[in-house]
Amino acid sequence: MPLTKEPDPPERDVSTSDLTAGEREGGHRTRREWSARSITAALVAAVTLVAAVATLVDVVAVRAGRPAAAWRRHLADELATRPVDDVWMLTGAAVAAAVGVWLIVLALTPGQRRWLPLRSPAGCPRLRAFVDRNSAAVLLRDAAMRVPGVGAAHVLVGRHRIKARADVRFRDPRQVKDDLTAVLDEERDRLALARPPRIAVRARRRTR
């Protein structure tokens, strides 16, 4: 569970109506941590550096009186002679557009999807905490296994929904489902998530 501390916010008077639901319950809303995306940045930087160095070296060679590199002459000829509706031109444009959209999405979204933000304590609004989705799933699964009648349980924690599936050894599956939903609700609230996901429970009787 990583902890980070934000810079001091400017002082201002806050009324009760300005507080979010999480703040009125004794905590502050916490946004997702932004990912550094070092691998993506390194790949883009490497490709850009290689292309820039290769072009610069070839331009310097031409300025020095040498002929242009074969790859640059071939690329210039292809771009000058191929029609716009050529399949390779359309394919290259589609790939370039897809990469551009992907980079824009990465730039505008925070990432870190495997971390769920927790509510900050009321007295420490600058303290930010996160819990791993797999760790939250383990806690919820352990709570589900304590429900009488549950022989096996599988819990998947998403950003907006918690999906729980339980195999019932004894008792009425409907009663087990109700008890399981109540237990998971309580355990989810104890996690103090900033945006508590909805819980979807499916209970089935184990046939063998």
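What share of the 208 residues of the chain count as buried? The figure is 25%, where buried means under 20% relative accessible area with a 1.4 Å probe, counting protein chains only.

Before going further, a word on the model. It is a predicted one, so local features need pLDDT of at least 70 and side-chain atom pairs count only at pLDDT 80 or more, while totals for chains, interfaces and linings use all residues. Residues are numbered from 1 along each chain as its sequence is written, and side-chain values use heavy atoms, leaving out hydrogens and water.

Let's start with the overall layout. The chain has 6 helices and 8 strands; these are DSSP runs numbered from the N terminus, with helices being H or I of at least four residues and strands being E of at least two. Read from the N terminus, their order is β-α-β-α-α-α-β-β-β-α-β-β-α-β. Among contacts (heavy atoms within 4.5 Å) with a separation of 6 or more, 63% link residues 24 or more positions apart.

Now follow the chain to strand 6 (residues 150-157), which runs antiparallel to strand 7 (residues 161-168) and is joined to it by 7 bridges. Strands pair if DSSP finds at least two bridges between them. Val-150 has Val-168 of strand 7 as its bridge partner, and 3 residues lie between the two strands of this hairpin.

Strand 7 also pairs with strand 8 (residues 198-205), here in the parallel sense and over 8 bridges. With helix 6 (residues 173-191), strands 7 and 8 make a right-handed β-α-β unit: with the strands pointing away from you, the path from the first strand over the helix to the second runs clockwise.

How values were computed: Buried < 20%, exposed > 50% of the residue type's maximum accessible area, 1.4 Å probe, protein only.
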